[in-house]
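Okay, thanks for coming, everyone.

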Number of protein chains: 2
Amino acid sequence: MAPAEDMVANPPSEAEETASAGVANTSPISTVLIVIAMHTEAAPLVSKFELVEDGDKSMFPKGVPWVRYCGKYKDLYINLIWPGKDPALGVDSVGTISASLVTYASIQAFKPDLVINAGTAGGFKAKGASIGDVYLTSAVAFHDRRIPIPVFDMYGIGAKETFSCPNLLKQLNLKVGKLSTGDSMDMSPHDESAILANDATLKDMEGAAVAYVADLLSVPAIFLKAVTDIVDGEKPTAEEFLQNLVIVTAALDQAVTQVIDFINGRCISDL
Amino acid sequence: MAPAEDMVANPPSEAEETASAGVANTSPISTVLIVIAMHTEAAPLVSKFELVEDGDKSMFPKGVPWVRYCGKYKDLYINLIWPGKDPALGVDSVGTISASLVTYASIQAFKPDLVINAGTAGGFKAKGASIGDVYLTSAVAFHDRRIPIPVFDMYGIGAKETFSCPNLLKQLNLKVGKLSTGDSMDMSPHDESAILANDATLKDMEGAAVAYVADLLSVPAIFLKAVTDIVDGEKPTAEEFLQNLVIVTAALDQAVTQVIDFINGRCISDL
């Protein structure tokens, strides 16, 4: 028997049965999975949506550091998953491997109708990005998976258009741009060439991995990315990132709240 | 009710209950998970161990291309998992994201006592590697996850010693070396510096990801890597890799068979 708090964040079983392939276009969105890589990015949303940390550790296997915050906000069952702190080193489990694992395990466990990957990113001023801008991404790709064999090269890049949300975009004041993902915070010359080829405005460490898994499992996914540092600027990325992380997170969280408020009561096809 | 062929590749339930934390040191190894990224590498072993493709698609979620070959060989239940062909592009789903996802899902589904990641790799002649050599790796690390923030830098590198198998090493004629993993087949100057810092003899695209997941879930894992190309040689990696893939795979498969024969009837602590 599931504990009471678990019931709160799970939809009725009828909804669960259809959720893995997305709710029917005519049913309102019921369950949302929010994937956020860093605790600093997640904490304000946990508070805003009055989510509680899931005490039932059986949702994920023993040993993984993943943390689920869940609750009902308006008509939505929200599962916010943070990959947690690395068990050996105590830092946030950032990057594509953790992001893909938690997205996979959470889609299996919670059958969301929609995945939202929210996080901070580097932005390119040459593409119009400024510190604090929040973007809804139009496409994702990888920039650090170079496989120079025909077709494998395209697999490595993994370019994908993301789920289209014209009404959400019209309603909210969000910028639109392409996102390029890699497991490094810095940018090597090889990364830079690939990011240019990906026509990216944004650079992060998780987005394309979340998109890959959501796509495999046929769940629509959207990507909200707030700019903490200017990649083609003068300051070192890590320094600028740490300096702006908390203040930019506030802009990100405001955008996520607006998106959740917009989604509430709407069908996937209304986005 | 599980179909008959499924029963063949699963141990009795008593063994299953203890398997996720490894079998007791005094019980013989019962279930083995072999993770192999490419079909060309997997096919001879499927044939050698007389494994059959699992017809029960319910072991993995709908939509994933992962393929399970299973069967009983001597006293061992063998699950060989190949991440399958990318649904959109039709090439093998190589790299760290697919490797970590299939390792996670397969450990959850089959509760193996031991994970074996077998595959081809680039080797460094400066470290003594030659085409066709098969290595048992002593340690793994990543070379393309640069995060220049204290402690995050170590998380990115993710260096880990692998499960120690002194008796297996003594018995079999395998070389020993460190493995460095990244999602590119080529090697950028940044990768090269990191591989040198990792003191690696071998370079692959999956090992450290499999190690990360096996370690999270407390399952011992060993890594058998056969050298298809010399990274610090004169030929372009992709060309040399494709040229040697089939012939080197024969050496790899021979080594995997020797390891499986050695494991049969032994306890984890006897390795």
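This is a predicted model: local features need pLDDT of at least 70, side-chain atom pairs count only at pLDDT 80 or more; totals for chains, interfaces and linings use all residues.

Which strands does S1(A) join? On one hand there's strand S5 of chain A, residues 114-123: four bridges link S1(A) to S5(A), and the two run parallel. If you want one pair to click on, Ile34(A) has Ile116(A) as its bridge partner in S5(A). Then there's strand S4 of chain A, residues 76-82, which is joined to S1(A) by five bridges, again parallel. There, Thr31(A) sits opposite Tyr77(A).

How covered is S1(A)? Five of its five residues are buried. In a regular strand, side chains alternate between the two faces of the sheet. Here both faces are covered: Thr31(A), Leu33(A) and Val35(A) are buried on one side, and Val32(A) and Ile34(A) are buried on the other.

Next up is strand S6 of chain A, residues 134-142. S6(A) is mostly covered too, with eight of its nine residues buried. Its pairings go like this. With strand S8 of chain A, residues 175-181, S6(A) pairs in the parallel sense over seven bridges. With strand S10 of chain A, residues 221-230, the sense is antiparallel, over three bridges.

Okay, helices. Where do chains A and B come together through H4? Helix H4 of chain A and helix H4 of chain B, residues 96-110 in each, have axes that come within 9 Å and cross at roughly 45°. That angle makes H4(A) oblique to H4(B). The crossing is right-handed. On the H4(A) side the contact is made by Thr96(A), Ile97(A), Ser100(A), Leu101(A), Tyr104(A) and Ala105(A), and on the H4(B) side by Thr96(B), Ile97(B), Ser100(B), Leu101(B), Tyr104(B) and Ala105(B). By type, that's eight nonpolar, four polar and no charged residues.

H4(B) also packs against a helix in its own chain, namely H8 of chain B, residues 207-216: the axes come within 8 Å and cross at roughly 30°. So H4(B) counts as roughly parallel to H8(B), since the cut-off for that is under 35 degrees. This crossing is right-handed. From H4(B) you get Thr96(B), Ala99(B), Ser100(B), Thr103(B), Tyr104(B) and Ile107(B), meeting Ala209(B), Val210(B), Val213(B) and Ala214(B) of H8(B). The tally there is seven nonpolar, three polar and no charged.

Lys74(A) lies in the loop between strand S3 (67-73) and S4 of chain A, and is partly exposed at 47% relative accessible area. Over in chain B, Val151(B) has a phi near 75°, also a positive value in a non-glycine residue. Val151(B) is in the loop between strand S6 (134-142) and helix H5 (152-157) of chain B, and is partly exposed at 33%.

How values were computed
Residues are numbered from 1 along each chain as its sequence is written. Chains are lettered from A and ligands numbered from 1 in the order in which they are written. Side-chain values use heavy atoms; hydrogens and water are left out. Axes are lines fitted to C-alpha atoms, for helices over the stretch in contact, and angles run from 0 to 180 degrees between N-to-C directions. Angles under 35 degrees count as roughly parallel, over 145 as roughly antiparallel, 65 to 115 as roughly perpendicular and the rest as oblique. A crossing is left-handed if the near helix is turned anticlockwise from the far one by less than a right angle, and right-handed if clockwise. Contact means heavy atoms within 4.5 Å. Ala, Val, Leu, Ile, Met, Phe, Trp, Tyr, Cys and Pro count as nonpolar, Asp, Glu, Lys and Arg as charged, and the others, Gly among them, as polar. Buried means under 20% relative accessible area, exposed over 50%, partly exposed in between (1.4 Å probe, protein chains only). Two strands pair if DSSP finds at least two bridges between them.
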